[in-house]
Amino acid sequence: MTADNPSSSKQIFVLAMVALVVAIVTGAVTALLVNIFERQQEERQRFQVILPVDEDTIDPSVWGANWPRQYEAYRRTAQPTRTKYGGASLSEAMLPPQKAEQHPWLLRMFAGYAFEIDYRERRGHAYMLEDQLSTRRVLEREQSGACLHCHSSVMPLYRDLGREAAPEASLAEQIQAGFEISSTQSYWESYERLEELGAAHPVSCVDCHDPQNMALRVTRPGFIKGIRDLKAAEGTPDYDPNRDATRQEMRSYVCAQCHVEYYCGPRETLFFPWGKGLRVEQIEAYFDEHRFPDGEPFHDWIHTETGAPLYKAQHPEFEIWSQGIHARSGVACADCHLPYKREGAMKITEHWVRSPLLMVNRACQTCHPYPEQEILTRVETIQDRHFELMDRTGKALVDMIDAIAAVREIVAEPDDLRPLHDLHRQSQWRLDFVAAENSMGFHAPHETARILGESIDLSRQGHVLALEMLGQALAPSPEEVAEEPATDEDDSDASEGNDDESANGTGDDPSEREADA
């Protein structure tokens with residue numbers, strides 16, 4: 001019997017180890033390749049249609065069967081979120097606080113208007129219809145069906161009303177007809193019809209995505225006409241956003257269907273006042289020239305304290321953003337409020353719409369390579385300064401309102417009050433344009449500071465003019481001064497003069513007597 005060869009055993013061991021390593025590496029490479037292949041397939045096939053969807057599929061849960069990642073994120077818009085200067089309550093069951101709790105001047109600003117009785121902080125998109133149905137502005141005041149243009153997934157209503165009114169017309173014509181009819185209806189009449197159609201739902205997937213290919217598109221007739229008017233004013237006639245806009249532009253346009261200034265009252269069809277541009281004075285000039293169908297000058301309401309016809313800003317985020325550095329740099333609304341994210345191999349858009357301050361790493365740091373706390377501090381500094389300036393502007397407005405109201409009690413002629421009413425309207429329009437916008441100045445800090453500065457100046461002009469008119473109205477006329485009886489002080493002065501005269505005997509200076517003689 002021969003002994004085992006040590007070198008042979010060593011060789012066998014080495015070979016075994018090499019085989020094991022090769023097997024492990026081969027397995028790892030194979031797993032990696034399989035994973036890469038699966039991810040590539042996942043990227044190629046972004047979704048699988050399990051349930052068919054079309055233009056009338058309003059319920060987002062049906063879309064969620066095909067696009068579960070986006071749907072789960074959308075559902076989270078029901079969760080309360082809050083930043084320093086905005087947001088919902090701490091519980092989903094609670095309504096957000098009234099804005100007047102922070103800004104008491106809002107109550108004076110909206111005297112006689114529905115916003116005087118109910119004007120709350122924002123909540124997520126999931127609540128946009130629920131909050132409108134429960135606000136006192138709708139429950140206690142008559143409102144137009146046009147309000148549903150932005151607070152519901154309203155397109156089935158427009159198609160249904162349009163088909164009924166113009167059965168032979170094209171689909172686009174029917175949508176426009178239904179849109180115009182809804183604007184003339186009461187809020188509850190339009191809402192009940194929407195409910196009958198099974199479409200009483202807040203904004204849904206179909207409002208921003210083409211159900212055939214999921215491409216971004218705009219659907220709201222008010223926006224489509226508004227952006228066409230804006231482009232025509234800029235020199236581009238017959239503009240169709242669904243045909244002519246870039247994808248990056250569409251990532252803002254889908255938001256601009258609602259986050260804008262518009263008229264949605266009962267006296268005419270809802271419209272976006274963009275025919276002269278997007279800046280506050282351009283929209284003001286558009287309103288100044290606009291007339292209602294009956295020929296009366298445009299206004300939203302008459303202020304009950306001053307009697308001034310005023311304009312009401314809605315929520316002009318798109319207009320303010322368009323004047324800021326992010327818009328000039330090509331940054332879209334979705335880049336900050338719905339930033340991209342990775343799930344596996346898929347790059348998808350975040351559908352939990354919320355403040356970028358709650359997701360700085362994806363919303364801000366992709367462009368700004370600074371620590372998160374530094375970015376937050378920069379934003380907070382801008383917003384703190386804006387908040388303080390806005391409150392100063394509100395106090396200046398209230399001072400003017402007080403003075404005009406005092407003049408109104410004395411001056412009865414409307415023409416005499418017109419200069420004051422013009423200053424009130426111009427000042428309040430600028431303040432409201434900024435206060436109604438939901439970025440606390442961040443979308444365009446320099447522009448909002450300029451607007452608030454103009455508002456303060458106009459308020460002080462109105463305040464001074466009202467005080468001058470008040471002084472003139474209360475001052476006695478020359479006739480009244482001449483007819484005033486002598487006062488006790490005058491009598492006392494006369495008595496003192498008589499005493500002096502008695503001391504001189506006659507009271508006359510001898511030299512004066514000689515001169516008189």
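Q: At what angle do the axes of helix α8 and helix α10 cross?
A: Roughly 100°. The model is a predicted one. In it, the axes of α8 (residues 155-165) and α10 (residues 187-196) come within 10 Å.

Q: So are α8 and α10 roughly parallel or roughly perpendicular?
A: Roughly perpendicular. Angles from 65 to 115 degrees count that way, and this crossing is at roughly 100°.

Q: Which residues meet there, α8 against α10?
A: From α8 come L157, D160, L161 and E164. From α10 come S190, R193 and L194.

Q: And how does that contact of α8 with α10 split by class?
A: Three residues are nonpolar, one is polar and three are charged.

Q: What about α8 and α9, how far apart are their axes?
A: The axes of α8 and α9 are 7 Å apart. Helix α9 covers residues 171-184. The two helices pack at an angle of about 100°. That makes α8 roughly perpendicular to α9 as well.

Q: Which residues of α8 meet α9?
A: On the α8 side they are M155, L157, Y158, R159, L161, G162, R163 and A165. They meet L171, Q174, I175, A177, G178, F179, I181 and S182 in α9. By class, this contact has ten nonpolar, four polar and two charged residues.

Q: Let's pick out Q174. Is Q174 buried or exposed?
A: Buried. Its relative accessible area is 7%, and buried means under 20%. Q174 sits in helix α9.

Q: What does Q174 touch, leaving aside neighbours within four places in sequence?
A: Q174 is in contact with Y158, G162, R163, A166, P167 and A169.

Q: New topic. How many salt bridges does the structure hold?
A: It holds 39. Side chains of opposite charge can pair when their charged atoms come close.

Q: Which residue does R108 pair with?
A: R108 forms a salt bridge with D402. Their closest N and O atoms are 2.5 Å apart.

Q: Where do R108 and D402 sit in the chain?
A: In distant parts of it. R108 is in helix α4 (residues 105-109), and D402 is in helix α19 (residues 372-410). They are 294 residues apart.

Q: What is the partner of R392?
A: E388. The closest N and O atoms of that salt bridge are 3.0 Å apart. R392 and E388 lie four residues apart in helix α19, so about one helical turn separates them. R392 counts as exposed, at 52% relative accessibility. E388 is partly exposed, at 44%.

Q: And which side chain meets R450 in a salt bridge?
A: That of E447, at 2.8 Å from N to O. Both residues lie in helix α21 (residues 445-474). They are three residues apart, about one turn of the helix.

Q: Are R450 and E447 buried or partly exposed?
A: R450 is partly exposed, with a relative accessible area of 24%. E447 counts as buried, at 10% relative accessibility.

Q: Switching to α3. Which of its residues are buried?
A: Y71, A73 and Y74. Helix α3 covers residues 68-75. Seen down the axis, these buried residues fall within an arc of 165°, so they line one face of the helix.

Q: What do the buried residues of α3 pack against?
A: They pack against α2 (60-66) and β5 (340-343).

Q: One more: where is L51?
A: L51 is in the loop between α1 (6-44) and α2. It is partly exposed, with a relative accessible area of 39%.

Q: And what does L51 touch, not counting residues up to four places away in sequence?
A: L51 touches V62, A65 and N66. W63 is twelve residues from L51 in sequence. In space, the two are 7.4 Å apart, C-alpha to C-alpha.

Key. Residues numbered from 1 in each chain as written. Predicted model: local features only at pLDDT ≥ 70, side-chain atom pairs only at ≥ 80, totals over all residues. Heavy atoms only, no water. Axes fitted to C-alpha atoms, helices over the stretch in contact; angles between N-to-C directions. Parallel < 35°, antiparallel > 145°, perpendicular 65-115°, else oblique. Contact = heavy atoms within 4.5 Å. Nonpolar A, V, L, I, M, F, W, Y, C, P; charged D, E, K, R; others polar. Salt bridge = Lys/Arg side-chain N within 4 Å of Asp/Glu carboxyl O. Buried < 20%, exposed > 50% of the residue type's maximum accessible area, 1.4 Å probe, protein only. Arc of directions from axis to C-beta.
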